[in-house]
Amino acid sequence: MRRAYLHLTRFPVQRRVVESPELAGRPFVLVEAVRGQRRVAFASTSALKAGVRPGMTLTAATALEPGLRHFDYRPEDELRALTALGEALLPLAPGFQLCAPDGLWLDAGAAHLCDGEEGLGTRMLSLCAELGYRAHVVVASEAFTSRAVARHGARRVEVVAPGDSARALAPLPLSALEGREGAAFSALGLTTLGEVAALPMGAVAARGGAAGARVHARCRGEDDTPFVPAALEEVLEERVVLDFPAESFEPLRFALKTLTDRLGARLSGRCRAAVRLTFTLKLDPSGQRQVTLTLARPTARAKLLHELARHRLEELRLENPVAEVSARVDEHSEDGGQQLALGDAPEGDAALEVVLSRLASTLGEASLFAAGLEAVHRPEAAHGTRAFRPPEARRGLSAELLEPGARRAAVSVASRERPSRLLAEPACLDAEVAESGRLLAARMAGRRHRVTALTGPERLGGEWWSETPFQRDYYRVHFEGLGPAWVFRDGRDGRFYLQGLFD
Amino acid sequence: MSAAEQRVGAGQGTGSVVEQLRERIRQLQAAPRRYLAVLRTGLSAVDALLPTGGLPLGQVVELCGEAASGRTSLALHAVAAAHQEARLCAWVDGPRELYSPSAAALGVDLERLLIVRPQAPEQRVWAAVQLARSGAFACVVLDLTRGVNPDGRACRVALAEARKLADAAARGGGLLLLLTSPESPADGVVRLRTEARDGDGWSVEVVRSRQGGTGARAELPWSALYPALGLEGGGRLLDVAEDSEDGTPDFLRDQSGALRNGLGILGQRPGRDAPMPPMRQGLDAALPAH
C-alpha cells in the first residue's frame, strides 16, 4: 500500500508559533517534568542556536539564554492539534494515522486525483502552509521507509518508487533507526542504513535475534506494518486552556483564532459547513458562560468564523477572568461552497454574516428574523418568525432553467385582500355608527374621517374550542383623508375595531 | 528590422490589452456590487416618473405620505423586484406592523427578507446604516413612521444621521428606502410623495430629485397596489339579509344576543362566539324544580 508520511519538524514548537504569532523568532522551550525535574522537550530555532538542547534541564537552558521563555508541554494538546491537521488533509487522502508527536501517515491511494504522488505531496504542503505549518512529505510503500526518509531526507517532497526503498534508505544515518538497535550497529562501526542492509541476514539474525532481523529487513526496504486509519470523532469540539486567566479580550482573541482555525480545517476536511456553534467560556475560579452563534449561511471558512466569534464575544461582560475556551459545532450541513461571479467581492457572503452578527450582538438575537406564514385564520396570528437563512443565489444555466417558478406556491388567495400594515392588537375605533349599524365615520388622532367606500363583510371566526374565541366581520373601508383601512366589527361586543391599513 | 519592430509592437499591443482587462477586472472587483443600476417597482407609471427609470441604487429614496397612502406597498413592490433578481433585502420595522402575508401576496420572497425590529427607536437608523453599508442587501427599507397605532411616535432623523444614511447607501451600493410621514420628513436625495385620493385611486408625486423630474405626478388606481381591494365606486356590500333596505346586514343593526334568544349571531349554539355559560348555573336552576 502506498502511503505518505507528513513530517512536521518540531511540531509542538510550530504549533506554539501559529497560535501566538508574537513568539516567532523568539527563544522559547516546551518543558516536561521528568522524574521531578523540568527538562526541555522541544526548543525553538533561536533557542537551539543559543545552545539549548532537548533533554537539558530548564535551569541549564535558562543559564544559556537568559531571555528564554518556557511553556508546559502537554502531549494531549499536541495530539488534538495533530488530529485536526489530519482531518484538514482529508480532502487529499481518505484516511490518516497519527504518529505522535510530529508526524502522520496518510493513505496515498487517491494520489491519481491530485496529478500523481508528486502532486499530492505538493498539495499537502500548500495546505499545511495555509494553516501555518512547514513540513516534509515522502510517499513510499512502507511505513518505515516513508517516515525515515521524511525525517532525515533533504527534499521537501519525495516519491520513493515501489521496490526502490533500499536505495532511498541507504544514505540515511543510523540515527534514523530511533532505538537501541541503532546503538548496537554503530558499535560495529557502521554509520548508514545502507551498510546495515549490506550485512548478511543470517549473521544479523544470529547475533541480534528477532529485533535485529526486523531492523535489517527495514533497512532493506521491507516493512509490513499495517496502516490503521484514525477514527473520526462524531462531535466537532475544540478546547484551548489559556496559560493564565485572561482579564482582557486580547489573549482570548488568539485562543479563538486557534479554535476557529482548527474547527474550520476539520469542517472543510469533512466537506461540512457549520450552521450553529456554541462557545463556552470557563471562568476562573468558578462559573461559565455560553454564547451561541447561528449562521445565516453555513460556512467552514475559519477567517469568517473567527471574525463572527470576535464580534460576539468582544462585548461580553464577565464577572471573572476566563481560564478556558471551547467551541463546539452543534449543527452542520453539507458545504455546497459558493459560486462567485465576475465582479463579486472575493469574500462572498462574509459581509452578510458580519453585519448579521453585529446586529444580533447589539439588538439581540430575537430582533432579527425572517417572516413565515402560518395556516391560521386569526389575522394577527397568520404570520410567525423564522431564523433568517436565505437560499443561495444560483447562477448560470441552473439558475436560468430551474429558478423561475420554483417558489411562490404557498401564497393563499385570501392574503391578496390583506393590508400591508397590521396591528398586533386591534385598536378600538372611535366610530360614528348609523342607526342601521352602518359605519359612517371614525375619529383617529383627533381628526374625523368620513367613510367614502365600504366593501364587506368578510366573516372570520373560530377558535371556539379555546379560551379566546373570535367572531369578526371584516370590512375594507376608505376613510376620507386617510386611505383604505381594514376594520372589523367584533361579534362579541358589537364594536368596531381598526386592524390594519392598506398602506 | 521592421519585422522585429512589428513583433515588439504586437507584443506591446497584447500586453496592453491584457493590462486593460486586468484593470477592468480590478475595477469590477473594487466597485460595490451593482448589477442593477436601478430597481424597477413594477408599476410602469411610477417608474416613468423617475428620471432614471426606477429607484436609483446607491441612494437614499424617501417615500413620504399619510398613514394609508400606499408607501408600504410601493416599498414592498421594490423589494419584490429585488427578490426577482435573487437578491436579499432588509426591512427595519420600527412600528412593528409589517404584515407578511400581504407582503408575500405582493411577490416578496419571505426567505430573502430580513426583518429587523429594534427595541429602542434610536436604534432604527443605526441598524439601517449597518445593513446598507454592508452591501449584502440590494434594498434596505427603513420605516420611520409612527404606524397605525395612534399613540406611536414618529422618528425624526437628525442631519448627521441623514448624512450617515446617504453615505452608507453609497458605500453599500444598495437602495435605501425611507418611509416617512409629512409631519417628520427625512432628508432623502429623492423624495416621492404618495397620497390617497378616494376609493378609486392614489397618486405619486416627485417632490425632490437632483436629476430633475420634480413635480411629475401620476395617478393610479388602488388595484395597481392591491388587486383585490374592491373599493371602486363606493365599494360593494355583501347582501346578507334580504329584508334590509340599506343593504346593511341585520346582525349589524341589533345586538345579536337579544334578537336570537341568547344564541350566537348566526343562531348557532352558544360557545361559537362566546364562552359557554357555566354548567353549575343551569343545574342550580333546575334542581329546586324537581
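The model is predicted. Chain A contains 14 helices and 21 strands. It has 503 residues, and 49% of them count as buried. Among contacts in chain A with a separation of 6 or more, 59% are between residues 24 or more positions apart. The accessible surface of the chain is about 23600 Å², and carbon and sulfur atoms contribute 52% of that area.

Over all chains, the whole structure holds 11 aromatic pairs. One of them joins A:Y474 and A:W486, whose rings are stacked, with 4.2 Å from centre to centre and 20 degrees between the planes. A:Y474 belongs to strand β19 (residues 470-479) and A:W486 to strand β20 (residues 483-490), so this pair ties together parts of chain A that are 12 residues apart in sequence. Both partners are covered: A:Y474 is buried, with a relative accessible area of 1%, and A:W486 is buried at 0% relative accessibility.

A:Y474 also pairs with A:F488, and here the geometry is tilted, with the centres 5.0 Å apart and the planes at 50 degrees. This second pair again links strand β19, which holds A:Y474, to strand β20, which holds A:F488, across 14 residues of sequence. A:F488 counts as buried too, with 1% relative accessibility. Taken together, ring pairs connect A:Y474, A:W486, A:F488 and A:Y497 into a cluster.

A:R472 lies over the face of A:F488, 4.4 Å from the ring centre.

What is the nearest side chain of opposite charge to A:E158? It is A:R155, 4.4 Å away. A salt bridge requires a side-chain nitrogen of Lys or Arg within 4 Å of a carboxyl oxygen of Asp or Glu. A:E158 is therefore buried without a salt bridge, A:R155 being 4.4 Å away. Leaving aside residues up to four places away in sequence, A:E158 touches A:V137, A:V138, A:V139 and A:V149.

Technical notes. Residues numbered from 1 in each chain as written. Chains lettered and ligands numbered in written order. Predicted model: local features only at pLDDT ≥ 70, side-chain atom pairs only at ≥ 80, totals over all residues. Heavy atoms only, no water. Helix = DSSP H or I, 4+ residues; strand = E, 2+ residues; numbered from the N terminus. Buried < 20%, exposed > 50% of the residue type's maximum accessible area, 1.4 Å probe, protein only. Contact = heavy atoms within 4.5 Å. Areas by Shrake-Rupley, 256 points an atom, 1.4 Å probe, with all protein chains shown as cover. Lys, Arg positive; Asp, Glu negative; His and termini not counted. Phe/Tyr/Trp six-rings, centres within 6.5 Å; stacked < 30°, edge-to-face > 60°. Lys NZ or Arg CZ within 6 Å of the ring centre and 35° of its normal.
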